[in-house]
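Hi there,

Here is the structure I promised to pass along.

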Amino acid sequence: MTGKAGRPVGESDARSRLIAEAKKLFVALPYSKVSTRMIASRADVNVAMIRYYFGNKAGLFENMLRETLEPIHNQIQIVLSKGDIQSIGDLMRTYYRIMAPNPDLPKLMTRTMMMEPGDIQRQAFEKIFNEFTNPASELIFKQLKNEGRLHRDICPEKARMTFISMLVFPFLIPLAMMDIQGMEINEAYLMELADHNVKVLTQGFLAEQGDDAT
């Protein structure tokens, strides 16, 4: 039995394969160098499946970003409902866990935001970011301030910048610098880093004068 052109017949994982291969290609190559035929070939599906599921290449790019970031969005909602340091630590762990097997994805997002405002990639990322990530992250730190969870002399906006820096920088640091520092970014290291960062956020980095050295 055959279906209409571009429509999968029976159960199919074509959509998930297209998302997976698109992620690899968009990270590795400039957007203009990635064609729908290239993605379809890597996913071993007919190129018509891209039109069926996503409309076009831009739709596939947006859905790839959206579905990759969805677990982070879900964790942000938990932080907003709980507003405690444990949920913020879990948000950091969720981000690291998602990015560990996709370490170049934050670089892709950074490159995207440096493009011209009318660029398709930038428009897609800004749409997703403004939809839930940016407003929520701002609200999180205002909420912490209002509930007395931030020190009185800590600015929520600056605290948000510190938190974002902790999230993003491990994936932007040049490989040569990591080698010099003897660091290797993998999931195990990132989970330990998340625990460390939570301690830094809650306890500070430097000991008070007079504290016993351990």
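At 25% relative accessibility, E126 counts as partly exposed, whereas R122 is buried at 17%. Please keep in mind that this is a predicted model. E126 and R122 form a salt bridge, with their closest N and O atoms 2.8 Å apart. The two are four residues apart in helix α7 (residues 120–146), so about one helical turn separates them. An α-helix has 3.6 residues a turn, so residues three or four places apart point the same way.

The count of salt bridges comes to 11. Another of them pairs D13 with R17, at 2.1 Å from N to O. D13 has a relative accessible area of 41% and is partly exposed, and R17 is also partly exposed, at 28%. R93 and D195 form a salt bridge too, with 2.7 Å between the closest N and O atoms. This pair links distant parts of the chain: R93 sits in helix α5 (residues 85–99) and D195 in helix α10 (residues 187–203), 102 residues apart. D195 is partly exposed, at 37% relative accessibility.

R122 also turns up among the contacts of T112, which touches F61, Q121, R122 and F125, leaving aside residues up to four places away in sequence. T112 belongs to helix α6 (residues 105–113). Because its relative accessible area is 2%, under the 20% cut-off, T112 counts as buried. A polar atom of the T112 side chain lies 2.8 Å from the backbone oxygen of L108.

Next comes helix α4, which spans residues 57–82. Its 26 residues reach 38 Å from the first C-alpha to the last, close to the 38 Å expected at 1.5 Å a residue. Even so, α4 has a kink of about 45 degrees at E70, shortly before the proline P71. At the start of α4, a side-chain oxygen of N56 comes to within 3.2 Å of the backbone nitrogen of A58.

Finally, an unreviewed UniProt entry annotates residues 35–54 as "DNA-binding region". That span is 75% helix and 0% strand, and its end C-alpha atoms lie 14 Å apart. Which residue is in the loop between α2 (36–43) and α3 (48–54)? That is the place of D44, whose phi is near 60 degrees, a positive value in a residue other than glycine. Most residues other than glycine have a negative phi. D44 counts as exposed, at 65% relative accessibility.

Best wishes

Conventions
Residues are numbered from 1 along each chain as its sequence is written. This is a predicted model: local features need pLDDT of at least 70, side-chain atom pairs count only at pLDDT 80 or more; totals for chains, interfaces and linings use all residues. Side-chain values use heavy atoms; hydrogens and water are left out. The expected span of a helix is 1.5 Å times one less than its number of residues. The bend at a residue is the angle between axes fitted to the seven residues ending there and the seven starting there. A polar contact is a pair of N or O atoms within 3.5 Å; within protein, one must be able to donate a hydrogen and the other to accept it, and residues adjacent in sequence count only if both atoms are side-chain atoms. UniProt positions are given in the numbering used here, feature names are shortened, and annotations may be inferred rather than shown by experiment. Buried means under 20% relative accessible area, exposed over 50%, partly exposed in between (1.4 Å probe, protein chains only). Contact means heavy atoms within 4.5 Å. A salt bridge is a side-chain nitrogen of Lys or Arg within 4 Å of a carboxyl oxygen of Asp or Glu.
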